[in-house]
Structures are given as structure tokens and as C-alpha cells.
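Subject: Handover of a structure and notes on its fold

Dear colleague,

Please find the structure below, followed by an account of what was found in it. I would be grateful if you read the notes with the model open beside them.

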Amino acid sequence: MMELDHDIANAGILIVDDQAVNVRLLAQLLNEAGYTRVTSTMNPQEVCALHRKHKYDLILLDLQMPGMDGFQVMEGLKTNEDDRYLPVIVLTAQPGHKLRAPQAGAKDFISKPFDLLEVKTRIHNMLEVRLLYRKLEQYNQLLEQKVRERTAELRESEARYRSLTELASDWYWEQDDKGNFTKVSGPVLEMLGIQVDALTGDSDKRNANGWNEAEREALQNKIAARVPFLDFVFSRVNADGSQQQFRVSGEPMFNQSSRFIGYRGIGVELNGKK
């Protein structure tokens, strides 16, 4: 007798047949083959509730039963949202059922009267596939959990990085996807040559004289084009003749669906900085 793999030998199996002789024959065959968790019922109306409770790895299901046939049982099993894989082998003596059963959701069939070697082979093969499918589901769930955890870590890291960036820069800004400023730190509006009443309280009436307007226009164009840029340098000449230089970097922001959601940037004054 072939020695069963431990997981296969301990797979949960339910026999469903209204004929006691068939139930005894299959139960004896499976027990002798080394299966340790074999149960049965002669009442097809119990199958769905039993499967929700015990989550069987395999159901051996007779198709011709009074009150509720095997096809109706399979329809009921499909309502179990926790199990997208219907672990059913149908038992039938009707050749036509062999074509109909897979369409109803059955994964395989065993012909009546039983060929004992065929029964053992089909059950073993079915359980191998079933257990591999279950391991794949568990792996996918673990992978999804790791992705969620990693996403949360990345968001936290980004938040910390943005906080550090603000501390390490003289000014910082964020805009939404319409170009509206949503966050401003430092004299951003003056440097960019932009007036935003909603953020300043009053219109920005500061004198723009002294700025290199060509450089500032080039900077505004980069932001308007939603392109990333690094260490763009521009300058101004103050009323006393002294010169200031600034370095600014910016990047577009996207959500998890790769949709543009805004723009952000930082700047530092270079005078006296290394």
C-alpha cells in the first residue's frame, strides 16, 4: 500500500451518499488507505452547514439523492465566500452527469460501480491539487499582509523624511493637483513671484525688484510642467547692492494609483552655506 504524505493523510474528507452500503465501502477504503479524518452523512441538506464548520479538503458527493440532489448541493456550496475552490468529486452511474458535473463546479468524478483503484487514485490526485491550492492561498494572504505592512512603513518613512526635509531647508511648499498652495513654510511666495491671498491673508505686495526674472520664470515653468528638478539656482540683487542666491528642488506627487495629486519643493539660501 502506498504511504501517504502526512498532509494528505490528515486531509478532511466528507462522504455524502444516501446509500449506506456506498458510505461504508468508501469509508473502509479510505481508512485502509491511511486517511485519518473521514466523516460521512446520508443527508444532503447537512452538507453546506458541515462544510462551513469543518472546511473539508474533499467532498465525495453522490449526485442522485432524494430531496436534494448533488447538483443542488454544489449550488449551495458555492455560497461559501471563504472557499473559492469547490473541493468536490461527484459519484455517478449516469454517463450524462460526467459532462454536466464539471459545469456545475465539480473538480472530478468517480463512476459507479466503484473501481477501487480508480477511487484511490482520483482521491489522492484531487487532494494533492487541493492542498497546493490552499498553500497558494495562504502564501497570497501572507504576501498581501506584507505589502500592507511595507506600504505603511513607506508612508511613515515618507512622513519622517518630509519633516526632516522641512527642518533642513529654509522654505518648503506643497500644491494640490490644481496648482493651489496647500502648505507653505518660509518666503516661498515672494521667491516664486506668486501671490496667494488664501495663504498670506493679504495680497503679497512685496517689491519684486531685484529678482532675476528670467531665472524665476524658468523655475515657474518647471513647476507648471510638473517635472522633477534638482538644485535649480536663482538669485536676486538687494537694494543695498548685495546679492543673494537660492537653490530649489521640486517633484510631482502621485498616489498609489499613479494619479498626479500635486507638487512639492524645498529651497535654501546659498549665501554663507556650504
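A residue is called buried if its relative accessible area is under 20%, exposed if that area is over 50%, and partly exposed in between, with a 1.4 Å probe and protein chains only. This is a predicted model, in which local features need pLDDT of at least 70 and side-chain atom pairs count only at pLDDT 80 or more, while totals for chains, interfaces and linings use all residues. Residues are numbered from 1 along each chain as its sequence is written, and side-chain values use heavy atoms, with hydrogens and water left out.

Overview

The protein chain has nine helices and 10 strands; these are DSSP runs numbered from the N terminus, helices being H or I of at least four residues and strands E of at least two. Of its 274 residues, 38% count as buried. A contact means heavy atoms within 4.5 Å. Among contacts between residues at least 6 apart in sequence, 55% join residues at least 24 apart.

The parallel sheet

Five strands form an open sheet with parallel pairing, in the order β2-β1-β3-β4-β5; two strands pair if DSSP finds at least two bridges between them. Both β2 and β5 (108–111) stand at the edges with a single partner strand each, so one side of each is left without a neighbour in the sheet. On average, neighbouring strands of this sheet are turned by 20° against each other, direction ignored. For such angles, axes are lines fitted to C-alpha atoms, for helices over the stretch in contact, and the angles run from 0 to 180 degrees between N-to-C directions. The parallel strands β1 and β3 are joined by four bridges, and valine 16 has leucine 61 in β3 as its bridge partner. Helix α3 packs on this sheet and touches β1, β2 and β3, its direction making about 175° with that of β1.

With 0% relative accessibility, isoleucine 15 counts as buried. Leaving aside residues up to four places away in sequence, isoleucine 15 touches Val23, Leu26, Ala27, Leu30, Val38, Thr39, Ser40, Thr41 and Leu60. From isoleucine 15 to serine 40 the C-alpha distance is 4.4 Å, although they are 25 residues apart in sequence.

Which residues of helix α3 (residues 47–54) are buried? They are Val47, Cys48 and His51. These residues cover an arc of only 95° around the axis, which puts them on the same side of α3; the arc is that of the directions from the helix axis to the C-beta atoms. Their cover includes β1 (12–16), β2 (37–41), β3 (58–62) and α4 (70–77).

Helix α4 is mostly covered, with six of its eight residues buried: Gly70, Phe71, Val73, Met74, Gly76 and Leu77. What covers them includes α3, β3, β4 (88–92) and α5.

The axes of α4 and helix α5 (residues 97–104) come within 10 Å and cross at roughly 15°. The two helices are therefore roughly parallel to each other, a term used for angles under 35 degrees. Phe71, Met74 and Glu75 of α4 make the contact with His97, Arg100, Ala101 and Ala104 of α5.

The antiparallel sheet

Another open sheet of five strands pairs in the antiparallel sense, in the order β7-β6-β10-β9-β8. Its edge strands, β7 (181–185) and β8 (229–237), each pair on one side only. Seven bridges link β8 to strand β9 (residues 243–254) in the antiparallel sense. Helix α9 (residues 213–224) packs on the sheet and touches β6 (171–176), β8, β9 and β10 (260–269), its direction making about 150° with that of β8.

Backbone details

Most residues other than glycine have a negative phi, and most peptide bonds are trans. Lysine 55, in the loop between α3 and β3, has a positive phi near 50°. At 43% relative accessibility, lysine 55 counts as partly exposed. Arginine 226, in the loop between α9 and β8, has a positive phi of about 60°. At 41% relative accessibility, arginine 226 also counts as partly exposed. Finally, lysine 112 and proline 113 are joined by a cis peptide bond with omega about -5°; proline 113 is found in the loop between β5 and α6 (116–168).

Yours sincerely

Conventions. Angles under 35 degrees count as roughly parallel, over 145 as roughly antiparallel, 65 to 115 as roughly perpendicular and the rest as oblique.
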